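The text should be read alongside the sequence and the coordinates.

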Amino acid sequence: PDTYRLRSPPGAAVAVAVTGSSGVAAAAGLYRYLRDFCGCHLSWSGAQLRLPDPLPRLRAEIRASAPGRYRYYQNACTQSYSYAWWDWARWEREIDWMALSGINLAPAFTGQEAAWQRVYHSLGLNQSEIDAYFTGPAFLAWNRMGNLHGWAGPLPPAWHLKQLYLQYRIVERMRSLGMITVLPAFAGHVPQGVLRVFPHVNATRLGGWSHFDCTYSCTYLLDPEDPMFQVIGTLFLKELIKEFGTDHVYSADTFNEMTPLSSDPAYLSRVSNAVFRSMTGADPEALWLMQGWLFQHQPDFWQPAQVRALLRGIPLGRMIVLDLFAESKPVYQWTESFYGQPFIWCMLHNFGGNHGLFGTVEAINRGPFAARCFPNSTMVGTGLVPEGIEQNDMVYELMNELGWRQEPLDLPSWVTRYAERRYGTPNAAAASAWRLLLRSVYNCTGVCVNHNHSPLVRRPSLRMDTELWYNASDVYEAWRLLLSAGAELGSSSTFRYDLVDVTRQAAQQLVSDYYLSIRRAFQSHALPELLTAGGVLVYDLLPELDSLLSSHSLFLLGRWLESARAVATSDQEAEQYELNARNQVTLWGPGGNILDYANKQLGGLVLDYYGVRWSLFVSALVESLNSGSPFHQDQFNQAVFQVERGFVYNKKRYPAVPVGDTLEISRKLFLKYYP
C-alpha cells in the first residue's frame, strides 16, 4: 500500500518536507498538510487556499499508510454526464484534484472511438455502418456498454481528433503522478456491419435497454466461442496499447443492465473467459476491472451460482470487481467476498448528476472498515463512483479522507472542521448549519437511492412523490444559519456556492408543499385556492429560484450548453452538440425514454423547462375544474411532451456568465418563504 511521510527539517528554510511511495502518495501527504495544518480546502465547487504566514512547522514527524492497495475514482457514466465536453484545462484540474485526494486508479476512456473506427475499417466496415453505430458525444457511455447505438450521432471526424489529443495528455499526466490508468477493452458488442462483412459469425441480438426499442438499442453480442471474438478484442487492445501504452488494467462490462442469453453457469464462465482471453491476447499481464453493478441491479438473474460462474471464468486475482453501490447494496456480503476475486468497496452516491443535498455518511464512515473485517475478505481498496460530479462536495471529501484511515471518524467534529476549512475562518452559525445538514440530508439510512424525485424536476402529475428521508425543518434552519453568516463569510466563493445549494434545497422542499396544496385544492374542487397556490408556484417561487441559480456560474444552463458548443469546429457540429447536451438533461432519448433521469437545477432550465411544465399543469387543472371535465394524465403527457421537446429544439442561447447577487436573492427568498 501507498505511504507518505511529513516532517519539518531542522533550520527555517523549509517548513515541511513531504515524501511518498508514489507521486499520488506524496500529493495526498501534501493535501493532508494543507488541510489539517494550514486550514485549506479544495473541491469541485472551489478552493480556499489562504496559507498562514509563516507556514506552520510540525512538532513531530507524521507517517501514514493507506489501508488498501487502491483508491479508485470514476463511473462509466461519468464520462457522459460530467466529462462529455471537457477541454484539457478542465481535465488537468481534475487530475490534480485526484492526486491530492490520493486517487491512484482511474479510467482513461477518452478517444477510444477513434481506435474502434480504425479497427472497424480494418475489418471491412464502411463509414456509414460506423456512423450508424456510434452515438452522439453525450451518450457514448451507453454506446460503450452496448446499451445504445446511433442515438444523437454520428461522431464528426473532428471529434475523434480532439478526443485523441485529449487522451494523450490525460494518460501522460495521470502516469506522471503515479496513477494506474484503466484502458477500455472489448466486451463482445459489435456493430451490425460486422454481420455483413462476416455473414457466418455467431452473434445474437440482445433485448432493448431502458425504454429504448431496437431503433437505437438491441445490440449484437458475439458468441464467446466464435473465433471473431478473439480477433476483434485483441485487435482493439493492440491498437490502444500501440497508441497509449498500458498499465495492464482493462475495463469491460458485457452485461450492464442487460440480461444474458442464458443463465447456464457454463455459458457465463465462457463469456468471462472469452473477454479475459481477448485481453491477454494483447497483454499477457492483463488485469480485468469490472463494474459489479449488474449483480445488484438484476438479483433475480444473478443468483450465487451465476455470479460465481462469471467471476470464476478467469483465474483468481486477475480480476478486480467494483462493488459499485456498497454504501447501500453491498454485493460482497452475499457472494463470499466475490468468491475470492479482489474487490473495491465503492460509494456510488449520485445518479445522473442530479442536484440535491444527499449523503449516507454513517454508511460510508463504517462500511469500508466492516468490509475489511469480513471473513476471508478480498477487499483491496475504496472507490468513488458517482454517475455525475460537481455536487455535494462534503461527501467526496469525507470518502477521500476515509481511503487513508484505519478507523471511522467522529463525524460531528469532522464536519465542524470541514466548514472552517471550506470558508477559511471559524464561524459558529456556519458550523451549526453543517452539523444540522450532517444529521439530516446527509444521513440517509437503510437502502438509499439518490435519484432526485422532487416534483420540481419531474413531469407533473397527481401522483408525485414528496417523501423525504430527513426532517425538512433542519434544512430550513441551516438556510437561516448560513444566511446569518453572510455578512462575515459572503466574500468566500465556496460559501456563496453552499448558500445557493442550501437555498435551492429549501426551495425544492417548498415546491413540494405548493404541489400538495395544488393537489388538495383540485381534489376538493376549491378553485380560488388552486389559483392562489398555482399562481405563487408558477409566477413567483420558480422564477425566484431561477434567478438564484442564475447568480452562480456553477448553476447555469448556459455553462453546460456553451461548453458543448465550444468543442465544435463548425456551426453544424455546434448545433448537434448543443442538442446532445439539452436532450441528456431533459428527455434523455427521442421520446423521453429516460425522462428527467439526468435532471439538473440550473438557471434557465428551471424557468424555461420545469416552469413551463408546471404552468401547463396548473392551467390544465384549472380548466378541468372550470369545465367540470376530468383531468386526463395521458392527454396532459402528450401536451407536455411538446413543451419538453420544444425546449430541446428552441435554439435560445443562455448566458454562461452569472447575473445578480446570491446573498441578496437568497435573503429575498428567505423573507418571503421561510416557513
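In this predicted model, the side chains of D501 and R504 meet in a salt bridge with an N to O distance of 2.9 Å, where a salt bridge is a side-chain nitrogen of Lys or Arg within 4 Å of a carboxyl oxygen of Asp or Glu. D501 and R504 are separated by about one helical turn, because they stand 3 residues apart in helix α20 (residues 493-523); helices (H or I, at least four residues) and strands (E, at least two) are DSSP runs, numbered from the N terminus. Both D501 and R504 are buried, a class that means under 20% relative accessible area, with exposed over 50% and partly exposed in between (1.4 Å probe, protein chains only). Salt bridges that share partners also join R32, R35, D36 and E401 into one network.

Residues are numbered from 1 along each chain as its sequence is written. Because the model is predicted, local features need pLDDT of at least 70 and side-chain atom pairs count only at pLDDT 80 or more, while totals for chains, interfaces and linings use all residues; side-chain values use heavy atoms, with hydrogens and water left out.

The count of salt bridges comes to 38. One of them pairs R5 with E61, whose closest N and O atoms are 3.1 Å apart. R5 lies in strand β1 (residues 3-7) and E61 in the loop between β4 (46-48) and β5 (62-65), so this pair ties together parts that are 56 residues apart in sequence. R5 is partly exposed at 25% relative accessibility, and E61 is also partly exposed, with a relative accessible area of 38%.

In another salt bridge, the closest N and O atoms of E239 and R118 are 2.6 Å apart. Here E239 belongs to helix α9 (residues 227-244) and R118 to helix α4, so the pair ties together parts that are 121 residues apart in sequence. E239 is buried, with a relative accessible area of 14%, whereas R118 is partly exposed at 34%.

On a 1 Å grid over the protein atoms alone, a cavity is a set of points where a 1.4 Å probe fits but cannot get out, and lining residues have an atom within 4 Å of a point. Grid points are joined across faces, edges and corners, and a volume is the space filled by probe spheres set on the points. The two cavities described here are set out below.

| Cavity | Volume | Lining |
|---|---|---|
| Largest | about 300 Å³ | 23 residues |

Q112, W116, R144, M145 and A185 lie nearest the centre of the largest cavity, and α4 (112-123) and α6 (140-144) each supply at least two residues of its lining. The largest share of that lining, 4 residues, comes from α4.

The end C-alpha atoms of residues 71-406 lie 14 Å apart, and the span is 41% helix and 13% strand.

Key. On a 1 Å grid over the protein atoms alone, a cavity is a set of points where a 1.4 Å probe fits but cannot get out, and a pocket is an open set with protein on both sides within 12 Å along at least five of seven lines; lining residues have an atom within 4 Å of a point.
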